[in-house]
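Q: Can you walk me through this one? I'd like the overall picture, then a single residue.

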Amino acid sequence: MADRIGVYPGTFDPITRGHRDIIRRGAKLVDKLIIGVTTNPSKNPMFTPEERMEMVTQELADMGLGNTEVVGFDALLMKFAKAQGANVIVRGLRAVADFEYEYQMAGMNQQLDANIETVFLMADVSLQPIASKLVKEIALYGGDIAPFVSPSVKAQVEARVEEIGRRGDY
């Protein structure tokens with residue numbers, strides 16, 4: 001039987017405890033899980049693709065997962081997945097709004113390559129509200145992001161906020 005290779009794509013700007021949960025659980029389902037760090041022009045990234053790849057790599061090292069790898073990409077997901085030899089796309093869901101978007105994407109991806117299945121994992125209930133966009137916003141306004149990211153990521157986000165300037169207090 002061929003190895004089960006999964007791809008978990010995302011911008012990971014920054015990687016959160018929710019992402020870590022999906023990675024941990026997704027890695028149990030496949031022989032190898034590739035964390036695909038991608039660009040998304042519709043998002044306003046705080047970190048460069050290289051910084052995000054380094055951040056995800058460090059988080060994976062801290063998690064001690066032996067069957068994961070970080071790969072950057074800037075291409076159509078299904079082309080990237082096929083190039084990696086993947087037969088599974090892993091996606092995390094937090095809420096109904098996520099499901100509607102992800103359901104549409106899964107349908108389109110199936111049309112592009114019916115040999116690659118999409119698997120949805122529900123985020124742990126305690127992690128469902130966490131979104132990278134909100135973590136950045138909280139940090140930019142001086143809020144505490146410790147409940148949402150690892151200490152290492154917290155330090156990197158706070159350092160970046162210092163570089164770009166914190167937003168108003170009132």
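A: What follows goes from the whole chain to one side chain. This is a predicted model, where local features need pLDDT of at least 70, side-chain atom pairs count only at pLDDT 80 or more, and totals for chains, interfaces and linings use all residues. Residues are numbered from 1 along each chain as its sequence is written, and side-chain values use heavy atoms, leaving out hydrogens and water.

Q: How many helices and strands in the chain?

A: Six helices and five strands, counted as DSSP runs (helices H or I, at least four residues; strands E, at least two) numbered from the N terminus. Along the sequence the pattern reads β-α-β-α-β-α-β-α-β-α-α.

Q: And what is the radius of gyration of the chain?

A: The radius of gyration is 16 Å, close to the 15 Å from the globule rule for 170 residues, so the chain is as compact as a globular protein of that length. The radius is taken over C-alpha atoms, and the rule is 2.2 Å times the number of residues to the power 0.38.

Q: What share of the residues is buried?

A: Of the 170 residues, 42% count as buried, meaning under 20% relative accessible area with a 1.4 Å probe, protein chains only.

Q: Switching to E59: where is it found?

A: E59 is in helix 2, residues 49–63.

Q: Buried or exposed?

A: E59 is buried, with a relative accessible area of 1%.

Q: Which residues does E59 touch?

A: Leaving out residues up to four places away in sequence, E59 touches I15, R20, S150, S152 and V153. Contact means heavy atoms within 4.5 Å.

Terms used:
Buried means under 20% relative accessible area, exposed over 50%, partly exposed in between (1.4 Å probe, protein chains only).
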